[in-house]
Structures are given as C-alpha cells and as structure tokens.
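Dear colleague,

Please read the notes with the structure open beside them.

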Amino acid sequence: MLLHAYTHSSTDHSAPLLTAIAYINSWEGRGSKAHQFLQLALEADPGYRLAKLSDQLLGYGMLAGWNMDKDTAYRPRGLGTSD
C-alpha cells in the first residue's frame with residue numbers, strides 16, 4: 001500500500017512514505033534495500049530529519065532490541081512456520 005501511495009505522490013511529499021518503506025525493509029532484514037529507499041527519501045527532501053536519522057542508524061548497524069530477539073524478531077510466513 002505504501003509503494004502504491006508513493007507512486008501517486010508528488011516528490012514534495014514522498015520522503016515520509018519512502019522512509020516508512022525503508023523502515024519496513026530494515027525490520028524485515030533487508031538493510032541494503034532500506035538504504036536505497038532512504039537515499040530516495042533524502043533526494044526528495046534533503047532536510048527530512050527522520051530519513052537522515054534512520055540512514056545513520058542503519059549505517060551504524062543499529063537494530064531495535066525487539067528485532068534481535070528470536071521470539072520477537074520478524075519472521076516471514078511460509079513453510080515450517082506454526083502461525
């Protein structure tokens with residue numbers, strides 16, 4: 001849904017959407033993809049502070065504590081899951 005909103009938004013308003021997409025990618029363990037979305041966000045709005053901070057945290061390799069715990073970290077649904 002966020003990607004759809006991004007494709008229909010003006011560049012002036014795309015930084016928050018791109019930052020949210022980056023956050024989700026980071027949460028799912030796709031740091032390189034997250035970095036790409038953050039770069040797009042910063043190109044759209046170089047002053048967007050959440051994108052700057054998120055990019056710095058990603059660059060430092062910082063993860064949320066809940067994402068480092070095997071019981072609370074993101075796990076894709078698929079074969080072998082009990083959910």
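A helix here is a DSSP run of H or I with at least four residues, and helices are numbered from the N terminus. In that sense T19 is found in helix α2, and please keep in mind throughout that the model is a predicted one.

Helix α2 covers residues 14-27, that is 14 residues, and from its first C-alpha to its last it reaches 20 Å, close to the 20 Å expected at 1.5 Å a residue. After α2 comes G29, which has a positive phi, near 85°.

The buried residues of α2 are S14, A15, L17, L18, T19, I21, A22 and N25. For T19 the relative accessible area is 4%, and because buried means under 20%, T19 counts as buried. Leaving aside residues up to four places away in sequence, T19 touches L38, A41, Y48, L50, A51 and S54.

As to the packing, α2 and helix α3 (residues 31-44) meet at an angle of about 170°, and their axes lie 8 Å apart. Angles over 145 degrees count as roughly antiparallel, and α2 and α3 are therefore roughly antiparallel to each other. On the α2 side the contact is made by S14, A15, L18, T19, I21, A22, N25 and S26, while α3 contributes K33, A34, F37, L38, L40, A41 and A44. Sorted by kind, the residues of this contact comprise 10 nonpolar, four polar and one charged.

Terms used
Residues numbered from 1 in each chain as written. Predicted model: local features only at pLDDT ≥ 70, side-chain atom pairs only at ≥ 80, totals over all residues. Heavy atoms only, no water. Helix = DSSP H or I, 4+ residues; strand = E, 2+ residues; numbered from the N terminus. Expected span 1.5 Å × (residues − 1). Buried < 20%, exposed > 50% of the residue type's maximum accessible area, 1.4 Å probe, protein only. Axes fitted to C-alpha atoms, helices over the stretch in contact; angles between N-to-C directions. Parallel < 35°, antiparallel > 145°, perpendicular 65-115°, else oblique. Contact = heavy atoms within 4.5 Å. Nonpolar A, V, L, I, M, F, W, Y, C, P; charged D, E, K, R; others polar.
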